[in-house]
Amino acid sequence: MSRYNVKETEAKWQGVWERQGCFTATEDASRPKYYVLEMFPYPSGRIHMGHVRNYTIGDVIARFKRANGFNVLHPMGWDAFGLPAENAALEKKVHPAKWTRENIETMRGQLKTMGLSIDWSREIATCDVEYYRHEQKMFLDFLKAGLAYRKESWVNWDPVDNTVLANEQVIDGRGWRTGALVEKRKLSQWFLKITDCAEELLDGLGTLDRWPERVRIMQENWIGKSTGVRFRFALKGREDKLEVFTTRPDTLFGASFAAISANHPLAAELAANNPDLAEFIAECNRLGTSEEAIETAEKRGFDTGLRVVHPFDPSWELPVYVANFVLMEYGTGAIFGCPAHDQRDLDFARKYGLPVTPVVVPADADPASFAVGDEAYTGPGVLRNSRFLDGLDVESGKQEVGRRLEEAGQGERTTQYRLRDWGVSRQRYWGCPIPVIHCPDHGPVPVPESDLPVVLPEDVTFDKPGNPLDHHPTWKHTSCPVCGKPALRETDTFDTFIESSWYFARFCSPKSNDVAFDRAAVDYWLAVDQYIGGIEHAVLHLLYSRFWTRALKRCGYLNVEEPFAGLFTQGMVNHETYKDAATGAWLAPTDLTKNDRGEVVRADTGAPVNVGRVEKMSKSKKNVVDPAHIIGTYGADAARLFMLSDSPPERDLEWTEAGIDGAWRYINRLWRMITEAPVPLPAPGSPKPERLSERAEATRRAVHKAIAGMSEDLDKFRFNKAVARVRELSNALAEIDGKGEGEAWILREGFESVVRLIGPMMPHLGEELWAQLGHGTLLADQPWPEADPSLVVEDTVTIAVQVNGKLRATLAMPRDAAKEVAESMALADDNVQRALEGKPVRKVIVVPNRIVNVVA
RNA sequence: GCGGGCGUGGCGGAAUUGGCAGACGCAAGGGACUUAAAAUCCCUCGCCCAUGGCAUGCGGGUUCGAACCCCGCCGCCCGCACCA
């Protein structure tokens, strides 16, 4: 029995593909293009199973499209700036640049063992100055176009490390490394006007018909468009006004209080001589800033003692609270509360004993008795207790209040977005320097284009807290481009979401030096036809890229609006978790073995182990499996096959030893089946013999059905079904001993089809078997097989026969038989007659080629 | 809290989108080969009072017919603005 030598075979074909430049892409107007892109990896050190899944899916699509005649672009690069490199610098005393570049080396090597059809000549790393220099130019262009501006904004400040913390670095209000209480600080930072595009970004979602619905919904919610009214309350005893925003102006006569955010300027002013209020505000700030924390916290408020006057009744006053559920970032940071028709307001009113007056009554309720208990009424209805609004519906009420406030000059109808401008300044070292110089006389001045790039210096140290760029002895000292006087460089760097907002376009002309993009190249390749990545990027990365692309278009860089025409979000790779039963310590899968009784125990001590739930692979839970080890043992094809089998690609996948074993067994089974064919096969390209045995004829139909089915499965990314189908076909072919008429020929057709069908999924095995079948060509260059339509449909179909909806018989009959024939055959059946028990037939439903239902 | 998703054998999942529930695989059990094991091959495999009955998280409904559509529950998962 010959054995498939994975290591040798996989290395051999990877070498052949590379030497022949199989996957090098060039623009070719004569062929339809197809741009496949997986989200590029952060070079964290080693590839993980999530990468394997992501790149396997992308590679299947790329190879499948290639075989279907498309000119495919399938590039790879590195999202190389970011926080982990700086953490490594602190923890391991390695320079971020060195750490990053070494990681890229390792990971490139690992990716290459996967046998991906990538055009490696287009590789880019975002930390290279040849890359980020263009980003600096783009930023200057955005400044000119009025898309970038500066404003003050809050950051998390670690007073021990003297550094800004990301939200994820703040744990229970303390810095993750120092444990120091985190302070809120205001810094002047750069912002991009993504809100300028809010409407466009929202509308654009409607054109993205090859995006998952849920990603579009998430983006829609993120943009958070709402229409309403902005108006100003007069403040009793003060000159200034309190501006509020509401989406429910119709409920204005149900108002019982006004509330402002703890970060509202008015709150700060009042707190200055009210220590209790100051303490309440401090408490609100400790709550955290996430929407989830705010929404789920108990609604609390502090009566400021101030009163506002109802806009339509000078004698009606409402108390003003500082409330923990009002966000400064949304609207005006102030609201009016109508408890009867808003749950948050209702919770608040119940707590502080404020009136609850229903002003919207459902059409079918009695206005006299309608009351609100613990649940606010937010549905449609008729306005009551609302003076001039009485009798109107909700929508008319909104318009009427808006109109009257506008007439009185007290407010205006507006559209509000939840989307906020994109803060892009980071007080970090390992990122793209922001090309700005701060002059004492001229303020922030853009670096002249002729002085670009502003190179990130690599001779920095990490020995003291704070930003190394700030400590560098010379780098930040320069002169003002306007007046020439000594000035300081901006030491902030860009958010790393910027690099990933345009890398897909850079892949079109990765080597162009003078310009970010060669116009002909981006015009040819963009948009990305199929983008593949994790759902975790559903909002930020994908929304920023959509915005950045629009901004680039405004500045004349390219001519597309939507960067990603198709999007696929894959599920995570999970694994069982294990804990030592005695100590509770997490154990890695490699620490375990099975004892004689089949129980999972520690491999070293034999001590019992608790098997926990299946969870996302993570270092902290030790339930990671190293792809390098798997590929080293079973080969890339087995790992790829496993990634595609069983679980639908958008769903989470559980990695199991048994699963990879199963994939490995199938590879060897295929290998043996084809290399040890039961009879000698006719030469490649031999014509079909005149006569085929019945079994050969049936097998031939199975082959063509598999081709047709699999083409559709791959087209719709149903890889698990595609795998099932090709296994089914292999099972059918394994039944053929080749002795009957034409069977040797059908074996060749079947084997060649199987090999071509597995090509995108298991390219190395595919190439090897293709060669074994006597071909001197590369499978990678072969067109996708075509199914003969006449062989895809069976001429005999099996029809289910039901009596009163219950299955009583199955009948074989010719395809597309007349309804009457099906009906009479069904009624003639013994089982059907028995089930009828002599009852008269009332009705017979016939669905051609499918089912007959006899109703008695 | 808001928004979204999921729930089918011991397990991952199929089911032509309203028409034979359980394809394909994993695990398990039995057998063959072997001195033995591994590998491989063959058979069985939703449950039960088996010519039948019950089964797609639970309870209703629509329909000739429901895993699929509608209403109401239950459970789990994900996102909610400086990780990438």
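Two strands pair if DSSP finds at least two bridges between them. Strands here are DSSP runs of E, at least two residues long, and helices are runs of H or I, at least four residues long, both numbered from the N terminus.

The structure is a predicted model, in which local features need pLDDT of at least 70, side-chain atom pairs count only at pLDDT 80 or more, and totals for chains, interfaces and linings use all residues. Residues are numbered from 1 along each chain as its sequence is written, chains are lettered from A and ligands numbered from 1 in the order in which they are written, and side-chain values use heavy atoms, leaving out hydrogens and water.

Next, select residues 436-439, which are strand β21, and residues 443-446, which are strand β22. The two run antiparallel and pair over four bridges. They form a hairpin, with three residues between the strands.

Val436 stands opposite Pro446 of β22. Cys439 has Gly443 of β22 as its bridge partner.

Which residue of β24 does His438 stand opposite? Select Leu488 to see the residue facing His438 across the pair.
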